[in-house]
Amino acid sequence: MVEYAWLVPLFPLVAYLLLFVLGRRAQEGVVTAIAVLASLAAFVVSLMILSEVQANGPGAPYMFHWLTVGSYTLSMGYEVTALNAMMLAVVTFVSTLVFLFSKSYMKGDERFVVFYQYLSLFVFSMLGLVISPNLLQVYIFWELVGLCSFLLVGFWYYKPEAAAAAKKAFIVTRIGDVGLFIGIMLLFVATGTFDYAGVFQAVESKNFAIDWISPEAFITLVAILIFIGAIGKSAQFPLHTWLPDAMEGPTPVSALIHAATMVAAGVYLVARAFPIFAASETALTVIAVIGGITAIFAALIGLTQNDIKRVVAYSTVSQLGYMVMALGVSAYVASVFHLMTHAFFKALLFLAAGSVIHALHHNQDIRSMGGLWKKMPVTGWTFLIGALALSGIPPFAGFWSKDEILLGAYASGNTLLFVIGLIAAFCTAFYIFRVFFMTFTGEFRGDKDTWDHAHESGPVMTIPLVLLAIMALVSGLFNSPVTDYALADFLQAGGLHYGAHPEHVSWMPYVATLVALAGIGLAYLMYKTKSINPERLANGALRPLYNLSYNKFYVDEIYHYAIVLPVVWIGRILNFIDKWIVDGIVRLVGQGTYVGALGLKYAQNGQVQTYGLITVLGAVVLLGAAMYAIGGVR
Amino acid sequence: MLSVEQFLTLAAILFCIGLYGALTKRNIIIVLVSIELMLNAANINLLTFARFGLVPAINGQVFTLFAMTIAAAELAVGLAILIALYRNRNTSDVRDQDLMKW
Amino acid sequence: MTGNLLTFIVLLPLIAALIIGFVPRSNQGQARAVALIATALSLLLSIFVYAGFDQDLAGMQYTTHYEWINIAHVYQDKALTIGFDLGIDGLSLPFLLLTGIITFLAVLASKNIQHRVKEYYLWVMLLVAGLYGCFVALDLFLFFLFLELTLIPMYFLIGIWGGDRKGAVATKFLVYRGIASAFVLVAFVALAFKAADATGVISMNMVNIADAFAKASPDLITAAFKQGIFLVLLLAILIEEAFFPFHTWLPDTHEQAPAAVSMLVGGVLMKIGAYLLFRIGVGILPDAVQYFATLIALIGVINIVYAALIAMVQKDWRRLLAFSAISHMGVVLLGVAAMNEAGLQGGIFMTISSGLLSGLLFFLIGAIQERTGTTMIGALGGLSKPMPILSGFLLAAALGSLGLPGMSGFISEVLAFIGAFDAFPVLAAVGTLGIILAAVYLLWAMQRTTYGPTTAALEGVSDAKAIEYLPMIVLTALILLIGIYPSILGDLVNPTILSYVTGIGG
Amino acid sequence: MFSGFAITGQSVAFFLISLFVIACGVLLLSLRKVMYMAMAIGGVFIGVAAVFLMLEAEFLAFIQVLLYAGAITIMLLFAIMLTRHDEVEMPQKLTAHPVWAAIGAAGLGFIVLWAVKFSGVKWPTPSAESPWQGEDNVKLIGESLFNQYVIPFELVSVVLIVALVGAITLAKKEEE
């Protein structure tokens with residue numbers, strides 16, 4: 001089955017083309033059927049591939065010739081490794097459910113077909129990225145993923161915020177992409193290939209066709225450049241600002257972006273290209289630090305946000321920080337494990353939030369929610385499962401993977417990172433249960449009309465929720481003592497032995513669970529029993545801290561004033577220079593010619609004899625000069 | 001014995017006289033006449049080389065014939081223009097004919 | 001028969017111009033029909049040439065030779081021979097096809113010209129003949145003639161059918177490109193006379209000159225001489241190609257010219273400079289290009305960043321696209337400066353890609369202008385609602401222009417930057433800023449134009465008409481084709497580039 | 001200037017003819033009355049015809065007399081009389097213009113004379129006997145004209161016709 005891996009991305013592509021041909025007048029049912037079936041087929045093939053890889057180990061890449069450049073050949077192809085196989089299954093599983101969910105969520109939208117076109121293209125791009133055997137192909141699909149997120153975030157194009165968010169998402173990630181672009185260009189120049197295998201070999205032998213930098217420094221440089229790409233895509237600090245804004249898109253899109261496709265790409269790339277990073281201690285440190293900063297930073301912002309999707313979005317940023325930090329401390333398996341479990345419970349949280357939003361007619365502010373448990377029990381239960389998984393309460397999925405990461409951080413000897421991880425875990429538990437309590441418990445705070453119309457979503461929406469909830473419950477067991485750490489063995493079967501399973505520290509699970517429970521407890525006290533008044537805290541001594549968190553540490557503002565405005569002003573100044581100096585000189589020459597002509601025209605006095613005289617004098621001078629120069633007639 | 005230089009010298013002097021006249025005289029008729037003088041000087045040169053040149057040939061004489069024909073045509077048209085001008089502007093002074101100034 | 005194909009391609013528009021001259025002024029449809037038929041036939045013949053072209057050969061094919069001017073003892077007892085020499089190789093064939101496609105579509109897009117129609121098509125046909133001629137001429141003298149033939153029609157096309165500042169802009173265009181032509185002529189004559197030192201005959205045939213330059217000993221044709229000629233040529237190319245600081249004619253021209261003429265300028269006319277750079281610069285004077293590589297790369301990077309920054313603050317789509325084109329052509333310089341396989345191939349890819357994209361973008365902007373009466377970004381908004389198809393194509397074109405994978409701009413950038421990173425890592429890294437800025441200005445303009453709420457004035461405007469689908473689909477398809485399967489272009493140019501690069505090394 | 005000038009009958013004749021031509025030319029420039037100037041030009045033309053004879057161009061000498069001394073001079077007289085025939089060339093004030101003209105003309109003459117005499121050109125040694133060996137001058141010209149130069153000849157006739165018609169059209173009084 002591995003040799004048919006190209007089928008996996010092909011199904012969504014075919015769905016995209018079919019929907020494109022069908023056009024806008026297609027029936028919603030038909031459209032959903034095509035998209036969901038294609039995704040389902042891809043999922044089935046992925047599962048078959050997964051089982052085969054588990055049985056036989058990863059296969060060699062399949063390559064075909066794409067373009068000849070002088071004496072080089074650029075190839076395209078596909079490849080299945082353990083990591084790929086797992087990603088294929090996760091992506092297709094989540095996207096199938098999201099596709100199904102969207103049928104009801106997007107019902108009646110006049111661009112329903114277009115929405116499914118974009119979704120299919122999105123999934124195709126992500127799957128293509130996953131099975132790419134070389135970095136150029138990765139970059140191609142990487143950009144396509146970015147394009148699809150642009151299209152989907154800006155799907156409601158008539159909303160100015162959506163348009164701005166889409167643009168921001170594309171441009172901010174593109175800044176990261178350029179880092180990646182430079183990185184793979186340098187790698188190609190140095191190694192003559194884009195293929196992972198060739199690149200890894202060259203990195204191992206430190207044999208580069210580049211003389212302006214030492215091999216060690218070169219590896220560090222390239223690793224950091226590739227990581228910059230991941231920073232952009234996976235919304236790491238300092239390029240995280242696009243992800244929360246991307247909430248302007250329809251909620252199923254958010255689920256897809258956050259769980260399976262867009263943001264996972266960054267972590268996936270670092271994991272896939274890990275041998276490059278492993279060769280540079282400096283690069284790993286940078287990654288770990290960035291990951292740690294992101295984890296705590298986003299968690300702190302998440303504490304005070306009032307938009308239900310925004311909180312979940314910041315939790316994604318924070319969780320991605322965890323994964324990146326894990327890679328930075330060489331806890332390769334832990335990171336990939338968390339990527340997988342996170343995909344399930346984050347998709348669950350988003351879809352559940354979407355269900356809530358759908359029921360409340362696209363109101364997303366948790367301050368005007370409350371008591372929805374009674375109206376929407378299925379959504380409530382599944383959201384609770386997702387929240388518990390995110391907080392890391394055993395035996396939910398998040399507990400196992402987060403535990404691994406904390407263990408990795410602890411084992412690396414970097415206590416600061418470990419502490420940051422714990423604090424972030426506390427914040428995570430607090431904010432997600434803050435949302436839970438404010439949404440599902442207490443009294444409804446919105447208007448009565450909305451309350452009356454609020455109702456549990458139909459089965460098209462709840463079935464994906466339930467399935468995801470089950471995965472959020474059990475997926476953690478894949479890499480636990482229960483299954484004897486099956487995932488770790490599976491991932492390392494391909495010969496990747498980074499971050500070999502660290503020694504277990506007996507107190508670690510208890511500490512992690514306690515910290516999470518403390519967070520939940522605080523949220524319970526503040527938002528359920530109201531024994532601690534959050535308003536008082538916010539307006540009291542903690543006021544400056546609250547503002548800092550509420551305004552997202554003013555990062556957007558800083559960027560606006562420190563980067564956007566200066567660049568725009570440079571543009572304006574250059575435009576001014578271009579108009580008045582560069583072109584001004586041109587026009588000055590023109591005007592000068594005109595003014596000179598105005599003066600010189602008086603030489604044209606109309607007297608033929610004057611003209612003749614001047615001609616003769618000129619001829620005499622020229623002839624004389626010529627005679628003098630050549631010394632006579634020869 | 002006659003030499004090439006003698007004829008060339010004569011032609012040059014004649015040409016310069018014509019040139020001076022064409023540049024200074026105010027009556028258009030005299031200017032035209034001066035131009036004929038220059039043409040005649042050129043003709044002398046042509047004939048000189050036809051007779052005494054490195055390769056004596058009758059071509060020089062044919063060329064002179066053409067030159068004279070064209071000169072006659074030119075003079076005829078020139079005088080016709082002069083008449084028309086005189087009729088319109090009542091002057092035959094070159095310096096009054098400055099319609100083409102700026 | 002096949003030997004004369006190129007002659008027919010060039011002659012057809014000229015014949016069409018002659019016929020249009022005899023069409024009665026009252027019958028405007030006939031003039032348009034004649035122009036359409038002529039460009040369509042020329043395009044068909046070009047495709048025929050492509051079909052019969054042997055992609056594995058590096059040399060000239062389809063050569064036509066007629067004696068034209070032969071003068072003995074022109075200079076130091078050497079004879080001057082100028083021939084009516086046409087021919088094509090892997091380098092010029094893509095340009096020929098680009099010319100065929102863009103000219104045909106531009107004529108098709110000229111439907112909205114309602115004023116002095118007969119004259120318009122007459123000038124367009126002369127221009128088309130000149131454009132075709134430039135890419136198939138093997139004789140430098142002939143090339144120069146065709147180059148001049150593009151100049152005069154453009155002057156009138158801008159000057160008569162342009163916008164409110166048409167007179168000044170037409171003059172600006174004429175003066176700028178006239179100066180460039182003068183430099184081109186100086187360089188050509190110097191090349192021909194120097195080559196004559198080696199061969200004994202002053203031949204204007206570029207193949208002979210390239211041969212002579214490749215084989216002559218360094219004492220006969222000194223490095224300093226080559227560098228001198230190349231500087232003159234570079235100056236001409238910088239003007240023709242609208243590079244900073246000689247670029248100011250391009251935004252004005254695009255702003256004032258009618259959309260179809262903008263298609264011709266951005267799509268083909270501007271690319272003659274790039275063709276000169278490849279054909280004469282890299283083909284005949286590779287040592288000099290190598291010598292000035294850093295300078296060229298620097299100019300390239302300055303153009304990439306400078307033009308992109310300026311494009312960011314433009315208020316008019318047409319000016320924005322003009323600066324965007326300048327920024328893209330900077331990448332060509334960067335690729336050429338690298339003087340390796342990837343860089344040169346990237347340069348050619350970028351030139352062709354930029355031609356196709358400019359053609360498409362100016363067509364779309366023209367269509368939008370026809371409906372809304374404006375191209376000012378601020379005056380538009382929410383166009384997705386009244387015209388989803390045009391907006392969709394505009395988005396596709398903008399994405400192609402900012403280098404989205406799967407479209408021609410991406411592979412061009414990749415190749416050019418591979419080459420550039422090999423030769424000038426730092427400059428290339430600075431040049432990648434252009435990739436970010438391209439996304440910024442294009443998406444900003446897209447966001448303001450097609451996204452957001454639709455203003456009342458734009459509510460009722462109509463979407464694409466049937467006749468407009470052809471240019472949009474053809475150009476988009478080609479852009480996608482090159483992006484997805486670049487070998488279709490790469491295999492064409494590869495033999496020629498290999499011959500150039502081996503020429504550098506050996 | 002004329003070193004080695006052998007006094008023969010021919011050279012004396014040439015000298016006298018040259019003197020006559022130049023004198024008439026100078027008179028042409030110095031006389032005031034237009035009528036006299038016309039007479040002076042007639043003298044120049046006849047002198048030139050004599051020079052032609054010395055150059056063994058009998059036919060052209062004949063044409064010179066016929067065309068220039070005869071037709072053209074008469075035409076000039078007609079033109080003078082059709083315009084203000086009492087017109088007198090104004091006595092020229094010594095302005096810059098004639099001075100510069102004189103400098104220009106003299107400069108040109110000097111350069112040409114220098115080129116003729118001192119620039120080191122090797123003029124062919126004139127042969128005493130005629131290159132045409134007594135062949136009929138008219139016949140030679142005729143043969144050349146109607147064989148080698150027949151197309152220019154026809155073109156010249158067209159030019160003459162055009163000039164004739166043009167002259168008549170120009171000079172004709174415009175009908176009201």
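Hi everyone, let's begin in the loop of chain A between α14 (308–328) and α15 (332–359), where A:Ser330 lies. Helices here are DSSP runs of H or I with at least four residues, strands are runs of E with at least two, and both are numbered from the N terminus. Please keep in mind that this is a predicted model, in which local features need pLDDT of at least 70, side-chain atom pairs count only at pLDDT 80 or more, and totals for chains, interfaces and linings use all residues. Residues are numbered from 1 along each chain as its sequence is written, while chains are lettered from A and ligands numbered from 1 in the order in which they are written.

Back to our serine. A:Ser330 has a positive phi of about 65°, although it is not a glycine. Most residues other than glycine have a negative phi, and most peptide bonds are trans. Is A:Ser330 buried or exposed? A:Ser330 is buried, because 22 other C-beta atoms lie within 10 Å. The cut-offs, with C-beta atoms placed from the backbone, are 20 or more other C-beta atoms within 10 Å for buried, 12 or fewer for exposed, and partly exposed in between.

Now over to chain C. C:Ala242 has a positive phi too, near 60°, and is a residue other than glycine. This alanine, C:Ala242, lies in the loop between α8 and α9 of chain C. C:Ala242 is buried, with 27 other C-beta atoms within 10 Å.

That loop, between α8 (223–240) and α9 (249–256) of chain C, is also the place of C:Pro245. The peptide bond from C:Phe244 to C:Pro245 is cis, with omega near 0°. In chain A, a cis peptide bond joins A:Phe237 and A:Pro238, with omega about 10°. Where is A:Pro238 found? A:Pro238 sits in the loop between α8 (215–233) and α9 (242–245) of chain A.

Next, a hairpin. Strands β1 (residues 62–69) and β2 (residues 72–78) of chain A run antiparallel and are joined by seven bridges; two strands pair if DSSP finds at least two bridges between them. A:Leu67 has A:Leu74 in β2(A) as its bridge partner. Two residues lie between β1(A) and β2(A), and A:Gly70 in the turn has a positive phi of about 55°.

Finally, the chains together. Which chains have the most contacts between them? Among the four pairs of chains that touch, the answer is chains B and D, where contact means C-beta atoms, placed from the backbone, within 7 Å. No contact joins chain B and chain C, and their closest C-alpha atoms lie 21 Å apart. Chain C and chain D have no contact either, with their closest C-alpha atoms 21 Å apart.

Key:
Contact = placed C-beta atoms within 7 Å.
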